[in-house]
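Student: Can we walk through this one together? I'd like to start with the terms.

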Amino acid sequence: MMETIRFRNDTATRKRLMVPESFQHPAKGQLGMWALMVERYSQPGDTVLDPMAGSGATLLAALMGRSVICVELESHFVDPMRRSWEKMRQHPMLGFSLGNVL
C-alpha cells in the first residue's frame, strides 16, 4: 500500500524565508514537500536541478547543503527568486553547511 504523506501549511515558513512576491506564483512548490524530497533523494554536496524554478522553493535545498541550479523562463519570476535567496541564506538550517546556488 502506498504511503500517504500530509504536509502542514507552509505560509509561515514561506514568509520567513521568501519575499512576498513568492506568494504570487500560481503553482508554488510546498516547502515541506521539497524538504522531504531533497532529504530523501539527495545527499549533502549533491546538485539539485529545477528546470522550472518558479517561486524558488527548490532553493531550500541549498539550505540543506546541496548545490542548486534554478532555471526559469518567465523573467518576472527571476528577480523575486534572487531576492528570496538573499533572504533565505540568512537562515541556514541546523546541521547543514550552506550549499551553492548557480
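Tutor: Buried means under 20% relative accessible area, exposed over 50%, and partly exposed in between, with a 1.4 Å probe and protein chains only. The model is predicted: local features need pLDDT of at least 70, side-chain atom pairs count only at pLDDT 80 or more, and totals for chains, interfaces and linings use all residues. Residues are numbered from 1 along each chain as its sequence is written, and side-chain values use heavy atoms, without hydrogens and water.

Student: So is P20 buried or exposed?

Tutor: P20 counts as exposed, because its relative accessibility is 60%.

Student: Where is P20 placed?

Tutor: In the loop between α1 and α2. Helices here are DSSP runs (H or I, at least four residues), numbered from the N terminus.

Student: How far apart are the C-alpha atoms of P20 and T4?

Tutor: 30 Å, with the two 16 residues apart along the chain.

Student: New topic. What volume does the largest pocket have?

Tutor: About 250 Å³. A pocket is an open set of points on a 1 Å grid over the protein atoms alone, where a 1.4 Å probe fits, with protein on both sides within 12 Å along at least five of seven lines; lining residues have an atom within 4 Å of a point. Volume is the space filled by probe spheres set on the points, which are joined across faces, edges and corners.

Student: Which residues are closest to the centre of the largest pocket?

Tutor: R8, D10, T13, L31 and G32, out of 16 lining residues. Elements giving two or more residues to that lining are α1 (11-17), α2 (31-41) and α3 (60-63).
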